[in-house]
Amino acid sequence: MTPLTPEEARDQLATAETLATTSGTDAQIGAFITAGVGVLIAVVLVMTRVLVETIPMPYVIIMGVLASTVVGLIPLVGLMPWHNHHVRFAKRGFARRYAASFGVTMALYAIGMMWAISTPWVVFAPYCVLVALPMLLMATRMAQR
């Protein structure tokens, strides 16, 4: 292991001081953003299903891309920088758990996209809640900081 230079040691101390003084408000904001990401992904899945039912098939792809962009992608692009700013409050190992939660949410989303055409609403609506659940659980853990 290489010893730290004085500059590296000062940087690490400054980072530790910032983490120590971060307020619970930052944790609440981070939890809110994490929950928002999960909910937005579920909303995009619902919008896809609505479009599949209401628009003839040739337009589904065009409208699905448009709805995904307007309903999901634009808000997600807005949330992610805000989220990255507030990640500094996170406990050790948060990034790995967040990535795992996001990965599970996206895997469930991909499965839901394949299901959107043939599944009745009685099954599909609870599934959309399931898509958001990993991120909502992660947000709950963050808020308990």
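The following conversation goes through some structural terms for a predicted model.

Analyst: This is a predicted model in which residues are numbered from 1 along each chain as its sequence is written, and local features need pLDDT of at least 70. Side-chain atom pairs count only at pLDDT 80 or more, while totals for chains, interfaces and linings use all residues, and side-chain values use heavy atoms, with hydrogens and water left out.

User: What makes up the pattern of the protein, read along the sequence?

Analyst: The pattern is α-α-α-α-α, and the protein has five helices and zero strands. Helices (H or I, at least four residues) and strands (E, at least two) are DSSP runs, numbered from the N terminus.

User: Why is Leu 51 called buried?

Analyst: Buried means under 20% relative accessible area, exposed means over 50%, and partly exposed lies in between, with a 1.4 Å probe and protein chains only. Leu 51, which is found in helix H2 (residues 24-54), has 10% relative accessibility and therefore counts as buried. Across the protein, buried residues make up 33% of the 145 residues.

User: Why is Ala 100 called partly exposed?

Analyst: Ala 100 belongs to helix H4, and its relative accessibility is 46%, so it counts as partly exposed.

User: Which residues of H4 are buried, and what puts them on the same side?

Analyst: Phe 94, Tyr 98, Ser 101, Thr 105, Leu 108, Tyr 109 and Gly 112 are buried in H4. They cover an arc of only 110 degrees around the axis, which puts them on the same side of H4; the arc is that of the directions from the helix axis to the C-beta atoms. The face turned away from this buried side carries the exposed residues Ala 95, Arg 96 and Met 114.

User: Where does helix H5 have a kink?

Analyst: In H5 (residues 121-143), a kink of about 40 degrees lies at Leu 133, shortly before the proline Pro 134. The bend at a residue is the angle between axes fitted to the seven residues ending there and the seven starting there.

How values were computed:
Expected span 1.5 Å × (residues − 1).
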